[in-house]
Amino acid sequence: IDNLESYERDGLIVEYDRHLVLLNGKEVHLTKNEFKILTLLCRYSGRVLTYDFIIKSVWGNGASGGNGILRVNITNLRKKIEQNSNSPLYLFTENGVGYRMAENQKCG
């Protein structure tokens with residue numbers, strides 16, 4: 001897991017500790033769970049996280065109801081951070097496996 005305090009890519013900035021998400025300089029308001037999912041994906045950017053891993057990390061081991069709740073949150077997240085959900089810049093679906101965030105450009 002990277003020790004960076006933030007994620008930056010093509011106009012999207014996520015500052016973990018400050019609970020701040022900026023898209024092209026504008027603040028994006030996320031729910032608590034949307035923010036948790038986003039920061040989790042950002043911290044592991046470039047790697048595919050399984051549905052199970054994300055659900056356990058966000059809702060805990062007792063979470064039930066399968067991927068439905070995660071899918072709803074991802075859909076809402078996409079509406080807020082992607083200009084076009086059908087061709088995402090940041091948040092990608094790996095069908096049948098999970099989700100992946102584009103590489104953090106701060107890494108290098």
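How are α2 and α3 oriented to each other?

**Basis.** I worked from a predicted model, in which local features need pLDDT of at least 70, side-chain atom pairs count only at pLDDT 80 or more, and totals for chains, interfaces and linings use all residues. Residues are numbered from 1 along each chain as its sequence is written, and side-chain values use heavy atoms, with hydrogens and water left out. I took helices (H or I, at least four residues) and strands (E, at least two) as DSSP runs, numbered from the N terminus.

**Helix pair.** I found helix α2 (residues 51-59) packed with helix α3 (residues 68-81) at about 85°, their axes 10 Å apart. Axes are lines fitted to C-alpha atoms, for helices over the stretch in contact, and angles run from 0 to 180 degrees between N-to-C directions. The two helices are therefore roughly perpendicular (angles of 65 to 115 degrees). I listed the residues in contact (heavy atoms within 4.5 Å): Tyr-51, Ile-54, Ile-55 and Trp-59 from α2, and Ile-69, Leu-70 and Asn-73 from α3.

**Sheet.** I then looked up the open sheet of three strands, which has the order β5-β7-β6 and antiparallel pairing; two strands pair if DSSP finds at least two bridges between them. Because β5 (48-50) and β6 (91-94) each have a single partner strand, they stand at the edges, and one side of each lacks a neighbour in the sheet. I noted an average twist of 30° from one strand to the next. Strand β7 (residues 98-101) is joined to β5 by three bridges, and I saw Thr-50 opposite Gly-98 of β7.

**Helix on sheet.** I recorded that helix α1 (residues 32-43) packs on this sheet and touches β5, β6 and β7, its direction making about 65° with that of β7.

Notes. Angles under 35 degrees count as roughly parallel, over 145 as roughly antiparallel, 65 to 115 as roughly perpendicular and the rest as oblique.
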